[in-house]
Structure formats: C-alpha cells, structure tokens
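Here is a short report on one protein structure. Keep the sequence and the 3D view open as you read.

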Amino acid sequence: MPFHTIIGHQRPIKWLQTAVTTNHLGHAYLFHGEPAIGKRQIAIALMQLLHCERPQLNSTPDACGLCRACHQIEQGIHPDCVTIQPEDGQKQNPKIKIDQIRGIEHLVIYRPLIGSHKVCLIDDADAMTTEAANALLKTLEDPPDHCLFLLISSRPEQLLPTIRSRCIALRFAPLPVSDIEEFLRQHSSIESSNAKLIATFSEGRLGEALHLDPEELKVKLRQYWALLFGEHLTSATQVFDMSESLVKSAQVAEAIHWFQQGLRDLLWISVDETNAPLLYRDQEPALRQLAQQMPPSAIVELSQELHQLERGQQRNLNMQIGLEQFFFHLHDHLEDAQARKEVRRGK
Ligand SMILES: [Zn+2]
C-alpha cells in the first residue's frame with residue numbers, strides 16, 4: 001500500500017518523504033495515535049519506498065506498489081524487513097517477548113541484501129515486556145547506519161521513557177469522518193447511507209470502519225437508544241433492574257460508550273442544528289425535541305457523569321450504583337425539561 005493509496009495523514013507522509021529524499025531518515029521512529037487509524041499502513045508504505053525496484057523519485061517520492069519488493073513487503077516476506085507484534089495464542093494481554101527482540105539481532109549485524117535499509121517494524125510496541133524493551137533499548141542506543149526501527153503504538157505512555165527518547169515521534173490524528181465516508185463509497189460495496197453511519201461511528205479510524213457491520217450497528221443503536229431515553233426511566237424498579245442487567249451481562253463499558261454517543265449527538269444538535277454528524281440519525285426528530293428542552297449545561301453534566309463512571313470502572317467502583325445514579329439524574333433533567341416546556345406552553 002504505497003503512500004499515494006493512503007487517505008489522509010498528509011503531514012506525517014510528507015515528513016517521511018522529505019526525510020527520504022534529503023537523506024535525513026532517522027534510525028528509529030515512533031508512530032503513535034489512536035488504534036486503527038493507519039499507522040501500520042504508513043510504516044509499510046515507507047518500507048516499500050525504501051526497497052521498491054521502480055520507485056517514483058520526484059517531489060513526492062513513492063513506491064510503485066507492483067514490483068516484487070513491494071509485494072514481498074505487503075506480504076511480510078521481504079528479506080530485509082521484519083515485523084514483530086504481540087505473539088498469538090495469548091488472548092488476554094498478549095506480549096512481545098525478549099526472544100522476539102533477540103530474533104532481530106541479524107538485522108543489526110548484517111547489511112541489507114538489496115536496498116539501503118534493514119527495517120524492523122514493531123507493532124503494538126507498548127506490549128513489549130520489560131526484558132524485551134531493555135533488549136531493544138541496547139540496540140537503539142547504538143544502531144548501525146543501515147538499520148531503521150519503526151515502532152507503532154496507540155499507548156506510547158506505556159513505553160519506557162528511554163525508548164521514547166531515542167525515537168523520532170510522529171503523531172497520527174484520526175481522519176475526518178467525511179474522508180472515511182468517501183473512501184467507503186469508492187472502495188467498498190457498502191451502501192451509501194450505511195457508509196455515513198459507519199464513518200461516523202468509526203470516529204476517524206479507517207481500520208475500524210472497514211470491519212464494522214452496518215446492520216449490527218443499527219441493532220445497537222436501537223437497543224441503546226431505548227435504554228438511554230426509554231420509558232423505564234420513570235420507574236425506579238425498572239432502573240434498578242436495567243442497571244443490574246447491564247452489570248451482570250458485562251455490558252457496562254459498551255453501554256457507557258453508546259450513551260456517550262447519544263449525549264454527544266444531543267449536544268451537537270443543540271449547538272449546530274444543520275451539520276451535526278449524528279450517530280443516532282434515525283432518532284433525529286426526538287433528538288431535536290430533546291435538544292430544545294434540555295440546556296447544553298445539563299447534557300455536559302450528564303456526559304461528565306458518564307466519563308466519571310468510565311474511569312470508576314477501572315478503579316472497580318460499584319457500577320450498578322453508578323448506573324442507577326446516572327439514570328436518575330437523566331430522569332431529573334428530562335423532568336426539568338418537561339416542566340420548562342409546560343411553562344412555555346402556559347400550563
Ligand atoms: Zn515497487
């Protein structure tokens with residue numbers, strides 16, 4: 001996947017292309033940013049540019065994407081390029097182990113067979129064990145000229161500071177939703193209306209967008225809309241039951257995420273009626289009605305409460321009580337909204 005086939009990320013791409021053409025490529029880079037936004041594709045495109053048999057060498061240098069070297073890199077079998085990632089078979093918290101890092105010693109010792117660089121791509125580099133990270137650090141401290149390390153991470157804060165400081169960091173931002181929508185329309189069989197939904201839900205992560213099932217999303221949207229603004233809010237018993245059921249079915253994290261999206265839509269529509277990128281688009285009339293009734297300050301307050309709840313989950317707080325409180329506060333705000341509406345009608 002050469003640079004010209006990648007959507008977005010123009011700044012880091014230009015940066016790397018310039019480094020290659022001016023012969024200023026560093027020995028180690030850290031590509032960081034949210035998961036599934038295209039960091040690995042860009043690392044592969046850079047490897048292709050360095051090894052391509054028919055590269056385009058103008059102001060925007062790029063690989064051809066078609067020659068043997070480009071294909072080998074795409075398939076992960078090029079003799080001068082090695083990819084390391086957390087080992088399979090460890091479903092929970094997979095790690096990159098010291099043996100994997102030791103396995104790249106030949107990269108350092110021998111010069112490349114054909115191209116200018118031996119490249120080692122370390123995906124999910126933050127998953128290195130401490131021993132593996134220390135072994136890599138030794139290499140990064142004194143890398144031979146022909147070595148290039150490309151570390152990829154969506155949690156760079158979990159890397160050893162000594163490793164971070166030896167890498168040139170390039171940050172990758174999520175893509176605009178409109179770019180993802182356009183890409184899906186042009187490069188997939190997804191229907192036009194579904195492309196918008198998927199692009200909105202993916203929040204700028206193309207890798208995520210390509211794996212989403214629109215029909216599954218629609219089911220979730222209906223389910224969580226009903227949980228967020230359904231009739232049950234008027235009954236304390238039903239609020240207790242629903243909160244308990246979400247906890248017992250281990251759906252709390254998912255529910256919080258979808259509720260946050262619902263409140264985000266509500267806030268969008270409160271401040272920007274025409275161009276809001278709504279996830280709950282099917283509920284637009286209801287959202288508009290709610291937005292007219294509920295002040296933005298109340299929506300922000302509820303959203304913050306969900307954020308606290310999300311953080312509380314990591315600290316093992318009692319989620320059932322947290323969810324119950326959230327639903328009661330939501331109900332209070334909706335009642336306030338209803339009261340305001342009635343006052344306006346002169347009741
Ligand atoms: Zn090529």
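## Terms and model

Two strands pair if DSSP finds at least two bridges between them. Helices (H or I, at least four residues) and strands (E, at least two) are DSSP runs, numbered from the N terminus.

This is a predicted model: local features need pLDDT of at least 70, side-chain atom pairs count only at pLDDT 80 or more, and totals for chains, interfaces and linings use all residues. Residue numbers start from 1 along each chain, as its sequence is written.

## The sheet

Five strands form an open sheet: 5 strands in the order β2-β3-β4-β1-β5, paired in parallel. β2 (81-84) and β5 (168-172) stand at the edges with a single partner strand each, so one side of each has no neighbour in the sheet. On average, neighbouring strands are turned by 15 degrees against each other, direction ignored. Axes are lines fitted to C-alpha atoms, for helices over the stretch in contact; angles run from 0 to 180 degrees between N-to-C directions.

## Strand β1

Is β1 covered on both faces, or open on one? Both faces are covered. A28, L30 and H32 are buried on one side, and Y29, F31 and G33 on the other. A residue is buried if 20 or more other C-beta atoms lie within 10 Å of its own, exposed if 12 or fewer, and partly exposed in between.

β1 has parallel partners in β4, through 5 bridges, and in β5, also through 5 bridges. Y29 has L150 of β4 as its bridge partner. H32 stands opposite R171 of β5.

## The nonpolar core

A nonpolar core is a set of buried Ala, Val, Leu, Ile, Met, Phe, Trp, Tyr and Cys residues joined through C-beta atoms within 7 Å. The largest one has 88 residues. A43, L46, M47, I122, L150 and L151 have the most contacts inside it. Domain 1 (3-172) and domain 2 (213-344) each supply at least three of its residues; the bounds come from an automatic or database domain assignment.

I122 touches I84, I96, F149, L151 and I152, leaving aside residues up to four places away in sequence.

Notes: Contact = placed C-beta atoms within 7 Å.
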